[in-house]
Amino acid sequence: MDDQSPVMGLVHSLRAVTVEFDLLGAEFAARHGLHPTDVRALIHLLDAARAGTRATPGRLGEQLRLNSSGTTALVDRLERLGWVRRSRDTADRRRVLLEVEEEAAQLGWAFFGPVIGEVVTAAEGFEEGELETVRRFLASVLESTRRARSA
């Protein structure tokens, strides 16, 4: 592969953005006494809430590639810290649901909100067709990454 090609330039840019977001996540974790996996768990739970999906410990463990005991330890820790709460599913009382506490979401927004605002401002400078191209590209990259991770 030609390391100087336009496509490889996209790969390098995507990697740089990923590294920056990872550093932001690590800083947030350090400020709040969290492990980076805790931050990833909170992101998954917030994404589930935004999508209207019920988040369970089993699903969270799958997303984070943790076994049952690791997931339990993670959820116990986040619950003890007041970041997450467990509740029973009203449709199936055997199922446990996970939700991010409002205070935790507010702390996350206070930290990540400024960078999100900058990204929104940058995106507003693009036309709808350009944004659709970026969405398709990122969706393809995400799918490729998931396939590689599961292989």
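At what angle do the axes of α2 and α4 cross, and within what distance do they come? In this predicted model, the axes of α2 and α4 cross at roughly 85° and come within 11 Å, which makes α2 roughly perpendicular to α4. The protein contains six helices and two strands, and along the sequence these elements follow the pattern α-α-α-α-β-β-α-α. The points below take up the overall build, then the helix pairs, and then some individual residues.

**Overall build**

- The C-alpha atoms of the protein fill a box of roughly 55 × 35 × 30 Å, where the dimensions are taken along the principal axes.
- Of the 151 residues in the protein, 22% are buried, a class that requires a relative accessible area under 20%.
- When contacts between residues at least 6 apart in sequence are considered, 47% of them join residues at least 24 apart.

**Helices α2 and α4**

- By class, the residues in the contact of α2 with α4 comprise four nonpolar, one polar and two charged.

**Helices α3 and α4**

- The axes of α3 and α4 cross at roughly 110° and come within 9 Å; with angles of 65 to 115 degrees counted as roughly perpendicular, α3 and α4 are therefore roughly perpendicular to each other.
- On the α3 side the contact is made by P57, L60, G61 and L64, and on the α4 side by T71, L74 and V75.
- The contact of α3 with α4 has five nonpolar and two polar residues, and no charged residues.

**The buried side of α3**

- Helix α3, which spans residues 57-64, has L60, G61 and L64 as its buried residues; these cover an arc of only 100° around the axis, which puts them on the same side of α3.
- In an α-helix there are 3.6 residues a turn, so residues three or four places apart point the same way.
- After α3 comes R65, a residue placed in the loop between α3 and α4, and its phi is near 60°, a positive value in a residue other than glycine.

**Helices α1 and α5**

- Helix α1 (residues 6-31) packs with helix α5 (residues 102-123) at an angle of about 150°, and their axes are 11 Å apart.
- Because angles over 145 degrees count as roughly antiparallel, α1 and α5 are described as roughly antiparallel to each other, and α1 passes α5 in a right-handed crossing.
- The residues that meet are F21, L24, G25, E27, F28 and R31 in α1 and L107, G108, F111, F112 and V115 in α5; by class, this contact of α1 with α5 has seven nonpolar, two polar and two charged residues.

- L74, found in helix α4, is buried, with a relative accessible area of 2%.
- Apart from its neighbours within four places in sequence, L74 is in contact with T37, D38, A41, L60, L64 and L66; of these, L60 and L64 are among the buried residues of α3.
- The C-alpha atoms of L74 and A51, which are 23 residues apart along the chain, are separated by 22 Å.
- E99 lies in strand β2 and is partly exposed, with a relative accessible area of 35%.
- Beyond its neighbours within four places in sequence, E99 is in contact with W83, V84, R85 and S87, while the C-alpha atoms of E99 and A55, 44 residues apart along the chain, are separated by 7.2 Å.
- G52 lies in the loop between α2 and α3, where at 66% relative accessibility G52 counts as exposed.
- Between the C-alpha atoms of G52 and E118, which are 66 residues apart along the chain, the separation is 26 Å.

Methods. Residues numbered from 1 in each chain as written. Predicted model: local features only at pLDDT ≥ 70, side-chain atom pairs only at ≥ 80, totals over all residues. Heavy atoms only, no water. Axes fitted to C-alpha atoms, helices over the stretch in contact; angles between N-to-C directions. Helix = DSSP H or I, 4+ residues; strand = E, 2+ residues; numbered from the N terminus. Parallel < 35°, antiparallel > 145°, perpendicular 65-115°, else oblique. Left-handed = near helix turned anticlockwise from the far one by under 90°. Contact = heavy atoms within 4.5 Å. Nonpolar A, V, L, I, M, F, W, Y, C, P; charged D, E, K, R; others polar. Buried < 20%, exposed > 50% of the residue type's maximum accessible area, 1.4 Å probe, protein only. Arc of directions from axis to C-beta.
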